[in-house]
Amino acid sequence: MRIAVAGATGNIGSFTVAALEGAGHDVVRISRSLGVDLLTGDGLDDALAGVDAVVDVTNGPATDRAATVAYFDTATRTLLAAEAHAGVRHHVLLSIVGIGRVEGNAHYAGKREQERLVAAGSVPWTIVPATQFHDFAGMVASWTEQDGVATIAPLLVQPIAPSDLGDVLAELAVGQPRGRYVDVAGPGTQDLVDMARRTNDALGRKMALVPTWTGLFDETMAGSVLLPGEGARIAPTSFEDWLATQR
Ligand SMILES: NC(=O)c1ccc[n+]([C@@H]2O[C@H](COP(=O)([O-])OP(=O)(O)OC[C@H]3O[C@@H](n4cnc5c(N)ncnc54)[C@H](OP(=O)(O)O)[C@@H]3O)[C@@H](O)[C@H]2O)c1
């Protein structure tokens with residue numbers, strides 16, 4: 001099959017491309033650095049010519065709510081319109097577990113808008129809600145790090161290996177549209193502060209971590225809010241096994 005990956009150069013996108021190509025599919029890579037922009041539509045019609053399915057693993061801003069919602073709104077409308085024009089038969093969207101349970105987070109508001117447009121659109125779809133990635137804790141700590149001190153929320157998460165998620169998205173993209181797919185998660189629950197500490201140790205980063213709910217993630221995300229629901233699909237690679245590959 002001919003499959004386009006929007007966000008092909010990103011964290012999950014590169015693993016999705018590798019999984020699709022490993023299974024013998026013809027992959028079209030979409031990203032701004034490769035000359036295709038979902039916001040303006042530049043290069044999109046050419047990229048989608050002859051494409052059977054599209055996997056959307058692009059990312060948007062995370063802090064300002066209005067800017068984030070506007071970003072996902074424009075990018076998703078532009079992509080879906082181009083898909084309809086090109087006769088694409090399946091749109092696969094990577095989303096996040098629990099976004100309907102958290103009101104205040106700007107990125108989650110953008111993802112809800114993205115889900116709404118996909119579900120209301122004319123291209124048959126699969127929405128894949130995934131938990132945080134194994135590299136999420138290290139990334140979040142690096143956002144706030146200043147002079148060797150970083151604040152980080154003590155979130156309870158059940159993280160997944162990016163390569164496992166790439167495999168799941170590749171498998172779903174070549175199948176029939178599934179509507180809302182089950183939650184996809186890794187095998188074990190983790191405390192985000194502990195994950196960040198172990199990630200920093202593995203990478204040799206010296207950083208003091210201050211647990212707090214005052215940043216992008218507040219108390220409405222505490223407890224089991226971000227954990228996968230019943231019947232979730234559990235991917236194999238543990239945080240510990242992933243960490244061992246990062247040293
Ligand atoms: N982080 C987590 O723990 C987590 C958990 C569950 C779900 N998710 C979701 O996973 C998705 C992917 O995350 P990620 O970390 O893999 O993203 P990422 O590494 O930041 O990659 C984003 C990709 O999107 C491309 N892109 C961004 N804007 C674009 C535009 N206007 N037009 C075309 N391409 C564009 C980027 O390339 P260019 O810059 O070259 O355009 C890049 O290839 C996000 O939507 C996020 O909400 C994240």
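This is a chat about a predicted protein model and how its parts pack together.

Colleague: Hi! Before we start, what kind of model is this?
Modeller: It is a predicted model, where local features need pLDDT of at least 70 and side-chain atom pairs count only at pLDDT 80 or more, while totals for chains, interfaces and linings use all residues. Residues are numbered from 1 along each chain as its sequence is written, and side-chain values use heavy atoms, with hydrogens and water left out.

Colleague: Great. How many helices and strands does the protein have?
Modeller: There are eight helices and twelve strands. Helices (H or I, at least four residues) and strands (E, at least two) are DSSP runs, numbered from the N terminus.

Colleague: And why is it called as compact as a globular protein of that length?
Modeller: Its radius of gyration is 18 Å, close to the 18 Å that the globule rule gives for 247 residues, so the protein is as compact as a globular protein of that length. The radius is taken over C-alpha atoms, and the rule is 2.2 Å times the number of residues to the power 0.38. Along the principal axes, the C-alpha trace spans about 50 × 40 × 35 Å.

Colleague: What share of the residues is buried?
Modeller: Of the 247 residues, 51% count as buried. Buried means under 20% relative accessible area, exposed means over 50%, and partly exposed is in between (1.4 Å probe, protein chains only).

Colleague: Let's talk helices. How do H3 and H4 cross?
Modeller: The axes of H3 (residues 65-86) and H4 (residues 106-120) come within 8 Å and cross at roughly 25°. That makes H3 roughly parallel to H4. Axes are lines fitted to C-alpha atoms, for helices over the stretch in contact, and angles run from 0 to 180 degrees between N-to-C directions. Angles under 35 degrees count as roughly parallel, over 145 as roughly antiparallel, 65 to 115 as roughly perpendicular and the rest as oblique.

Colleague: What about H5 and H7?
Modeller: The axes of H5 (residues 136-144) and H7 (residues 192-203) also come within 8 Å, but their crossing angle is roughly 85°. That makes H5 roughly perpendicular to H7.

Colleague: Which residues meet there?
Modeller: Phe-136, Ala-137, Gly-138 and Ala-141 in H5 meet Leu-192, Met-195, Ala-196 and Thr-199 in H7. Contact means heavy atoms within 4.5 Å. By class, this contact has six nonpolar, two polar and no charged residues. Ala, Val, Leu, Ile, Met, Phe, Trp, Tyr, Cys and Pro count as nonpolar, Asp, Glu, Lys and Arg as charged, and the others, Gly among them, as polar.

Colleague: New topic: where does His-134 lie?
Modeller: His-134 is in the loop between strand S5 (125-130) and H5. At 0% relative accessibility, His-134 counts as buried. Leaving out residues up to four places away in sequence, its contacts include Pro-159, Met-195 and Trp-242.

Colleague: And is His-85 buried or exposed?
Modeller: His-85, which lies in helix H3, counts as exposed at 66% relative accessibility.

Colleague: Last one: what does Gln-132 touch?
Modeller: Gln-132 sits in the loop between S5 and H5, and at 6% relative accessibility it counts as buried. Not counting residues up to four places away in sequence, Gln-132 touches Ile-96, Tyr-108, Val-157, Pro-159, Ile-160 and Leu-226.
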